[in-house]
Amino acid sequence: MAAGLLSPRSLGVVAYAIVTTAMALFVFTGSGLVDTAAFVALLVSVHLATDAARIDGATRFVVLTLVLVVALPLVGVRNTFYLDVATQVGIYAVLALGLNIVVGFAGLLDLGFIAFFAVGAYLWAILSSAHGAGLLGPGFPLPPDAFFVAILVAVGIAAGFGILLGLPVLRLKGDYLAIVTLGFGEVIRVLANNLDKPVNITNGPQGITGIAQPLSGVAATLASPAVPGFKWQALVYYALVLALVGIAVTVNRRLDGSKIGRAWIAIREDEIAAQAMGIPLVRTKLVAFATGAAFAGTMGVVFAAKQTFVSPESFDFNQSIGVLAMIVFGGLGSIRGAMVGAAMVTILNLQILKALSAGLNHLRSTGFEVFGWSFANLPTQFEPSKYERLVFGVILIAMMLHRPRGLVPADRRTIRVDTSNETEREGAR
Amino acid sequence: MSEALLEVTDLDKSFGGLKAVDAVSFAVPEKAIVSVIGPNGAGKTTFFNLVTGIYLPDGGRVRLAGRDITGLRADRVADAGLARTFQNIRLFAGMTVLENVVVGHSLRLTSGYFGALFRTARFRAENAASIARALDLLRFVGLAAKANELAGNLPYGEQRRLEVARALATEPRLLLLDEPAAGMNPQETEGAKALILAIRAQLGISVVLIEHDMRLVMSLSDRITVLDYGRKIAEGSAHEVRTHPQVIEAYLGRGVAAGTAGDAA
Amino acid sequence: MTFTDMLQLLPPTLADGLVLGLLYAVIALGYTMVYGVLGLINFAHSEIFMVGAIVAVEVLTHLLAGTGLHPIVQIVVAMIVAAAVSGGLAVAAERVAYRPLRLSNAPKLAPLITAIGLSLFLQDAVRFIESLFGQFIRPFPSMPFFDRQIPLTPTDTVPLKSLVILIVAGAMLGGLVHVVHHTRLGKAIRAVATDRKAASLMGVDVDRIVMLTFLIGGALAGVAGTLYALEFGRVDPFSGFVPGLKAFTAAVLGGIGSIPGAMVGGIVLGILEVMIGTFVPILTDNMIGTEYKDIFAFAILILILVFMPTGLLGRPATEKV
């Protein structure tokens with residue numbers, strides 16, 4: 001059972017959080033590997049605090065508030081880069097949580113998940129940009145703060161797409177479902193690339209620019225001339241994404257411990273037995289699909305606003321696999337696992353691969369020699385930051401072979417009862 | 001004579017060229033315990049699968065409490081009040097013992113997706129009631145002490161009991177048990193027998209069993225139906241079936257049947 | 001464009017379609033055989049095909065160029081090497097990635113996820129290797145011999161390479177049919193595909209048969225890769241993805257698990273793809289252009305799986321309850 005606030009474990013976690021916060025505030029100077037390590041250490045304190053089985057609510061509240069509401073924004077003020085990374089992690093965390101429902105809970109392998117992300121992104125792009133005005137006529141583009149309405153609309157539209165896709169394909173066996181969803185993802189990408197004629201809906205491979213950002217008024221009023229170079233808009237996005245992550249986690253946890261959540265797990269474990277217990281297969285799977293899609297669609301809107309630019313490139317098969325790698329890494333069906341996976345894969349891609357690339361480039365340009373061979377001879381095509389597929393592939397294979405339940409396996413017991421008064425019997429009374 | 005709870009008329013099913021179930025008719029009254037027996041491959045489990053909606057019958061009718069449920073999908077059949085267990089145990093191995101039974105009860109809940117999402121009062125009340133009911137059923141089958149254990153970790157005999165508890169959670173009017181005593185020692189079989197009698201006595205549910213353990217069948221059943229090669233070849237009391245020449249022939253071969261008939265006369 | 005013009009387009013379109021279809025058929029065999037024997041979609045098969053193509057190009061470019069050997073001989077050598085490498089890679093994949101999962105208690109999605117991981121890994125691994133030596137897009141060496149035109153109809157010709165592909169692919173298909181139906185190995189494969197447990201009880205070494213199935217499928221993919229490189233003139237680490245998906249569609253179209261099905265499915269899909277790619281833009285005045293060619297295959301895949309999941313020649317499988 002969870003320990004109290006003053007127990008050794010809780011105090012340990014709080015102390016760790018304070019130490020890493022201090023480190024972050026005083027060590028962060030740039031974006032090198034040391035800073036990344038400090039950042040990761042800070043995030044680890046969040047992970048430790050969310051272990052509901054071992055940490056009580058009060059400790060959790062203290063640590064989460066300290067790190068997420070106080071420390072990270074302060075770090076961000078000194079260096080927007082890390083605020084951006086945290087926001088990216090948040091966006092992918094919600095995506096991972098959405099795919100976790102489809103793959104982790106219901107056991108449906110969706111390889112085209114990013115298509116729903118694209119739907120949300122293009123929705124806001126068209127509604128709020130000049131391009132959209134050209135397409136939809138007067139009344140558009142919508143004012144930037146219609147963003148919040150767009151989020152709600154995206155939930156509905158993405159869920160609708162989820163149901164449309166799911167209806168014909170959810171009767172298929174697992175492997176086929178995977179291929180078909182992959183095909184669907186590709187179809188969406190090709191459509192995004194080519195729907196610039198006869199009617200220019202998506203503006204083709206050039207993408208759509210000039211997408212509106214919400215709450216820019218708030219950012220402007222908050223802006224203080226004493227902090228030059230700091231984009232208050234970044235803080236706005238951070239807060240927004242943090243709130244959405246909170247909502248996503250809550251939705252996940254509430255569904256998990258309910259009739260529908262258990263129905264999903266039942267279907268994953270044994271479809272025939274689930275049916276015999278009265279669970280309607282197709283309808284239950286559709287709900288999983290629609291819910292996951294809704295998560296993705298929502299974050300699509302946020303993504304489009306944050307980037308102010310969307311193009312078909314951001315929504316290819318690699319991205320779908322990236323999200324899959326996150327939940328496989330973290331733990332299929334595990335809520336905390338999805339977030340750990342999202343954080344690790346995002347940081348790996350954004351930070352570590354990039355640092356490796358920068359390092360190699362440096363070695364190449366200075367002609368560093370080892371065993372008589374100069375790094376200047378390294379071909380320019382060799383660019384580690386582009387090797388995300390290798391990373392994803394290794395993660396998927398290694399996890400399935402060695403830790404199929406992930407780094408943070410799902411705790412499968414959602415109900416615990418007190419059995420201390422029950423006796424073991426041989427049969428009926 | 002009370003109207004039959006379950007009424008099967010002329011049920012037919014072929015797989016490719018093979019007729020697995022051939023014009024089988026079958027009736028089960030309220031509060032009865034009935035057995036279906038026959039040599040391996042006689043079509044008993046196929047018969048169950050047809051009645052419970054896992055296979056679609058080629059012909060015939062299935063009626064439950066007067067309502068036509070022929071060809072309904074398995075989940076609709078469960079909703080109508082027909083629950084079952086499986087020959088090769090099909091538990092949700094990754095869930096706890098209690099959760100397995102709670103899943104069985106889910107079908108009777110009225111609060112759904114949005115109730116769970118917004119934690120409505122109705123959701124919370126129903127959730128608590130489900131858990132209480134599941135615990136009751138676990139006590140009924142004698143597994144309450146293991147409620148928090150993973151179903152996959154239970155020993156074989158307890159897994160069978162859990163399957164029964166899970167099926168009972170769907171609040172059925174009729175329970176179909178596919179080889180409930182398979183692989184059990186005599187003591188466990190006695191326990192299974194007591195459980196089945198209790199199901200009828202305390203819950204008022206009719207039970208249909210497929211079984212190979214003849215002693216269990218003979219001591220438990222109000223009536224026995226015998227299938228062979230998909231056809232019903234005999235039906236009646238334990239004594240009637242035991243001495244029926246066609247039944248003996250089906251199990252032991254023609255020569256023995258002739259000899260036994262002589263002995264029984 | 002008039003109707004007679006379109007009619008004149010028909011023979012070369014059909015010829016192109018047949019050639020493409022045979023390529024798909026040879027690749028599809030790998031998918032269908034592995035599925036038949038293990039019930040697993042070998043996602044990485046498309047990369048095994050790609051490796052074959054790359055190996056063939058490298059052999060032709062570095063080993064054989066300038067040797068003065070007859071182009072046919074060069075191609076044959078390249079095919080043999082590609083087949084060996086691809087076959088070996090397939091066997092290695094089975095050993096390292098798929099077999100451990102069969103034995104362990106992994107979740108049901110594990111084999112498929114591992115296959116996807118393997119596919120991605122191979123793409124970037126090949127890219128890595130090719131990048132170390134320069135460009136990772138590898139052009140097929142210029143061999144004018146194969147561009148010689150052969151008359152098809154009074155008005156059209158086809159390049160010699162089409163004929164080569166026709167003959168080689170046809171030989172592969174014929175050879176496989178012979179192995180599967182007239183040899184003991186083939187019988188063993190069919191037995192394992194029908195019922196793995198029963199086959200092992202009958203004394204068949206299932207592990208060995210699975211390995212050989214992967215070997216044959218991989219080798220075929222290697223040959224197909226060589227032919228693909230010949231036909232399209234260039235390969236890169238990512239050129240396996242789309243043909244692989246289309247070949248899989250072909251296998252499903254014909255009935256997954258059925259070898260004649262894979263062949264029929266491949267040819268049908270190839271012809272359909274080229275016909276649709278040629279005529280639909282003409283008929284819709286280029287509104288639906290050739291960019292949509294690739295998703296026609298996906299559309300067909302979805303339609304088959306929804307309306308005719310057992311494919312043209314497949315048999316429905318019932319699960320024992």
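## Overall make-up

Chain B holds eleven helices and ten strands; helices (H or I, at least four residues) and strands (E, at least two) are DSSP runs, numbered from the N terminus. This is a predicted model, in which local features need pLDDT of at least 70, side-chain atom pairs count only at pLDDT 80 or more, and totals for chains, interfaces and linings use all residues. Residues are numbered from 1 along each chain as its sequence is written, while chains are lettered from A and ligands numbered from 1 in the order in which they are written.

## Size and packing

For 265 residues, a compact globule would have a radius of gyration near 18 Å, and the 20 Å of chain B agrees with this. The radius is taken over C-alpha atoms, and the globule rule is 2.2 Å times the number of residues to the power 0.38. Along the principal axes, the C-alpha atoms of chain B fill a box of roughly 70 × 40 × 40 Å.

Of the 265 residues in chain B, 49% count as buried (20 or more other C-beta atoms within 10 Å of the residue's own, with C-beta atoms placed from the backbone). Taking contacts in chain B between residues at least 6 apart in sequence, 65% join residues at least 24 apart; a contact means that the C-beta atoms, placed from the backbone, lie within 7 Å.

## A four-stranded sheet

Chain B has an open sheet of four strands in the order S2-S1-S4-S5, with antiparallel pairing. Two strands pair if DSSP finds at least two bridges between them. The edge strands of chain B are S2 (18-28) and S5 (67-68), each pairing on one side only. Helix H1 (residues 44-51) of chain B packs on the sheet and touches S1 (6-15), S2 and S4. The direction of H1 makes about 65° with that of S2(B); axes are lines fitted to C-alpha atoms, for helices over the stretch in contact, and angles run from 0 to 180 degrees between N-to-C directions.

Strand S4 (residues 59-64) of chain B pairs with S5(B) in the antiparallel sense over two bridges. B:Arg63 has B:Asp68 in S5(B) as its bridge partner.

## Contact with chain A

The contact takes 42 residues from chain B and 35 residues from chain A. Elements of chain B that give two or more residues to this side include H2 (74-80), H5 (121-141) and H7 (186-203). H3(B) gives the most, with six residues.

## Confidence

The mean pLDDT (the predictor's confidence in each residue, from 0 to 100) of chain B is 89, and 95% of its residues reach 70 or more. Over residues 260-265 of chain B the pLDDT is below 50. Where pLDDT is low, the predicted coordinates should not be read in detail.

How values were computed. A residue is buried if 20 or more other C-beta atoms lie within 10 Å of its own, exposed if 12 or fewer, and partly exposed in between; C-beta atoms are placed from the backbone. Two residues are in contact if their C-beta atoms, placed from the backbone, lie within 7 Å.
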